[in-house]
Amino acid sequence: MLETRVGPTAREWDVAAPPGVLYGLIADTVRWPLFLTSPVHVEFLEPPGGGPAEGEGPGRTGEWLRMWEATGGGRVRSWSAVRHLDAARRRVEFRRAPGDGARPGGDTWTVDPLGARHSKLTLLRDGPAAAPEATGLRHPAERWERLDDLVLSFEESVRVDGPAAAVYDVLHRAADWPRLIPHVVAADLTERTPGVQLLTLRTRDPDGRTRTTESVRICSPATGRIVHKQTVPSGLIASHTCEWSVRSAGRGTTVTARHRVLLHEERIEAVLGAGTDTAAARRRVRDTLGRESAALLHLARRQADGEGRAGPGTARTSGNRTAPDTVDQAGPADRAARLEALLGDPFDAANPHGHLALLRADDRREVPGATEALLTEERLGTEFVPRELGGRLTDLEGLARVMRPVFRRDIGLAYGFGITSLFAATAVWTAGDDRQREETARLMLDGGRVSIVHRDLAHANAILRDEMSARPAAGGFVLRGRKHVVINADRADAFVVYARTAPPAGPRSHSVLLVPDRPGEEMLRRLPRVETAGMRGARFAGLEPSGRTVPGDALVGALGDGISLSLRTFQVSHSLIPGTAVASVDSVLRQAVRAATEERAAGMPARRWHGVLAGVFADLLACDSMAVTGLRALSLVPRSAYLLGAAVKYTVPDLLREDLEELATVLGARGYERGPLYGSFQKTVRDLAVAGLGHAGTAACQAVLVPRLRTLARGTWLRTEEPPDALFRPGAPLPPFDHRGLSVTGTDDLLTATVAGAASRLGARRSAGPVHAALADLAAALLDELRLLRTECAEMPPHDAATPVDPRSLALVDRYALVLAAGAGLGVHEAAAGDGSFTGDPSWAVLALSRIVRRLGRPVPELPPGVTGAVLAEVLDRYRSGRSLDLYGTALAG
């Protein structure tokens, strides 16, 4: 690094680093405490008065920040400034607030390229020209090729049953640690300025050696945070910062330690021995700090909870468990709350059922054994068995609520443990005889699994590709063929096989066989396990016939009923998969809120994220409205549920995938972390693609919807009566769901009727205010879209199954499904209007419908003031209070 003095207030340096790297280090002010000596902590502030930062404009963003600096002699000062970023010109400007304890004026940093791997750094400084920051940033910049290996970030978290104030007190009173924490030998704490502590700690490593560190701690009881930086680190650590965060969550408290470490590269071999690489140093530091952090976290738990109380996610003794018959009689909301509590805080690194444990099992491609054992003990399999056969299943909305705690943590676990047993058994519940129904129910009530062997579908992925055939023979059927990918193939106790029983294609080409798997009488031979890109912990394997004859009484329904049964029974999965997958994206939205609010004053995200967080939340509520409406329709209006279910499955997974892409922009680099707070994001993205069955799921729904468009346009749209109000009341009582009542013959299109009715009612309420007027305008735009669709679809030629689908028809299906999604959102909002709940607030409906109308390619006027703010406020309130980001807003364990 060569330095040139340009003038009394300007200096230049030649830095051996690419310009993008150097600019990134300067712009990432929050990480300065890790790389520079004097900064202790940096956090963003809301601008005075809530307006934009001075000088903000195109290509130039401005944000207020506050920095605490150690000035020597045990003193710490803080000051605030506006930071302007101009990425196009690689320019960063700081303008300090006057009279704030720091030198007046500002700094302007500019990075110019001197080739691909060298840069010129220019600093224009008001006042004295000394620039220790430039020297400090040189070190990491010129090690840019190794910097990712030298920087280590991780988090530890525990759930505490006690109050947040008690937990914070334990962390604040560091002088008491030597008598409470075994590895802390001595502690010297001074607090010359309220909220600023100087801490010297002497600790003992497992090998008996002691080391001494000195830290500055910034304490903020009002926000429940303690930020510290080691000013005198030791050993392998060149720099170490940590933030302790204590927040109330539901009926308890979550305490998190967030560590950032810069390794001392030159000391690695001196400390660990010649030839030791950076990876070994990372492991040593991670283990040491993780052990010390965990000791302090568990001290906080003991002190706040009281010794001997069970922590979150830990197994309870049978004496503490509710008796099974009591759980069986509880409603779905209570059973869901119980399961949520038993699974514990997913962000707790010590929780065997948390994100970190599940992620590590997924990395190893293993079933998460501890969590499956918990679900088995809770008899979760009984949720898939109808009440009349001894199970807990009364309606599908209730089942989706019970399964959301599992989907919120791990999609692969939810599929692998048992919801696929329901998808298989649904054919038996729908068309099986009494013996088949009773035997299958007994198997599942005893903890057994049933797996489904799909028929071959066009546009199939590996799960739906290939099929088996069944040839009638003396005493039954002989199976032929092979299925390469079947979930739980190696541990299922029975299989529901959709087998071809007639050679030509047609509606009677397939039949359904219930094939038992008794020891010594296996009719299907397991093939080696298949590794998949998503749901890596779930067990997929192939199957082929063993040569034994399948008995004739294995036939479910009549010969040739297979395609009809698949169309009837797939209605269950069409709404149930989206209705549970919403919980998975709920978790990602919570991660994004955490990422956007950490290190922010008052926990408010930067303005650039307001629209993303509020918009995705509105999307989630719209998706949930559509899924829950589809689930409730199966109990309330089963003869009209077929098309709605296909539209739910067609639309919601795509909207959720779009939402994940938006949230990825908020998470940024955190989306690639592997810790308990953000590590599950990439897994969710992978798993959701498998859960939705990708293009195959889309094609199957198109095959249902495309042939109906012409008929709907000519005889149903704008003529059907509106559905009952109960369809749009999540959680309201439902009549029992009857599998045998599943039908594919209904022609009513209930949600288009809702769009028409809502447009009329909302138009009459325009005078209630600008938000109501905006909602009325959006509903009118959707009604116009429906009228246009009716005209275009009525002109379609009659459907011919032998003719390839016209791409124009697929575009019409896209638009139609989005109109139905809007109809579900309107129905849920109107049903809740005036009841004091957030779903009754028109703000979320305006935001959700504006996003749908924009997807339809229609112009969307500017939203009324306060709409995004009202939705964002609800997001933040639910995040802080530990409530789910769906229609129910239920309490979460973390």
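In the predicted model, L718 lies in the loop that runs between α20 (709–715) and α21 (750–763). L718 is not a glycine, yet its phi is positive, at about 65 degrees. With a relative accessible area of 31%, L718 is partly exposed, because that value falls between the 20% limit for buried and the 50% limit for exposed residues. A second residue of this kind is M535, which is not a glycine and has a positive phi of about 50 degrees. M535 is placed in the loop between β22 (524–530) and β23 (540–545). The relative accessible area of M535 is 1%, so M535 is buried. Most residues other than glycine have a negative phi.

Helix α17 covers residues 642–667, and the 26 residues of α17 reach 38 Å from the first C-alpha to the last, close to the 38 Å expected at 1.5 Å a residue. Of these 26 residues, 19 are buried, so α17 is largely enclosed by the rest of the structure.

Helix α23 is mostly covered, with 21 of its 26 residues buried. G834 follows α23 and has a positive phi near 85 degrees.

In helix α25 (residues 867–881), the 15 residues should span 21 Å at 1.5 Å a residue, and this agrees with the 21 Å between the end C-alpha atoms. The buried residues of α25 include V867, V871, L872 and V875, together with L876 and Y879. Two charged residues by class, E874 and R878, are also buried in α25. The residue G882 follows α25, with a positive phi near 70 degrees.

Helix α21 contains G757. The relative accessibility of G757 is 12%, so this residue counts as buried. G757 and A27 are 730 residues apart along the chain, and their C-alpha atoms are separated by 52 Å.

T29 lies in the loop between α1 (19–27) and α2 (32–35). T29 has a relative accessible area of 0% and is therefore buried. A polar contact of 3.1 Å links the side chain of T29 to the side chain of R83. Leaving aside residues up to four places away in sequence, T29 touches R83 as well as V42, L65, M67 and F94.

H259 is part of strand β15 (residues 252–263). At a relative accessible area of 4%, H259 is buried, because the value is under 20%. The side chain of H259 makes a polar contact of 3.3 Å with the side chain of S293. Not counting residues up to four places away in sequence, H259 touches L152, S153 and F154, then H240, T241 and C242, and also S293.

The largest pocket holds about 1,600 Å³ of space. Of the 50 residues that line the largest pocket, R31, R260, A669, R670 and E673 are the closest to its centre. Strand β9 (residues 151–160) gives the most to this lining, with five residues. By class, the lining of the largest pocket comprises 22 nonpolar, eight polar and 20 charged residues.

Across the whole structure, the search finds 11 cavities of 30 Å³ or more. The volume of the second largest cavity is about 310 Å³. This second largest cavity is lined by 20 residues, and W177, L201, H228, Q230 and E292 lie nearest its centre. At least two lining residues of the second largest cavity come from each of the strands β11 (196–204), β12 (210–220), β13 (225–232) and β14 (237–249), and from helix α7 (278–305). The lining of the second largest cavity divides into eight nonpolar, nine polar and three charged residues.

Notes. Residues numbered from 1 in each chain as written. Predicted model: local features only at pLDDT ≥ 70, side-chain atom pairs only at ≥ 80, totals over all residues. Heavy atoms only, no water. Buried < 20%, exposed > 50% of the residue type's maximum accessible area, 1.4 Å probe, protein only. Helix = DSSP H or I, 4+ residues; strand = E, 2+ residues; numbered from the N terminus. 1 Å grid on protein atoms, 1.4 Å probe; cavity = no way out; pocket = protein on both sides within 12 Å on 5 of 7 lines; lining within 4 Å. Points joined across faces, edges and corners; volume = space filled by probe spheres on them. Polar contact = N/O pair within 3.5 Å; in protein donor to acceptor, adjacent residues only side chain to side chain. Contact = heavy atoms within 4.5 Å. Expected span 1.5 Å × (residues − 1).
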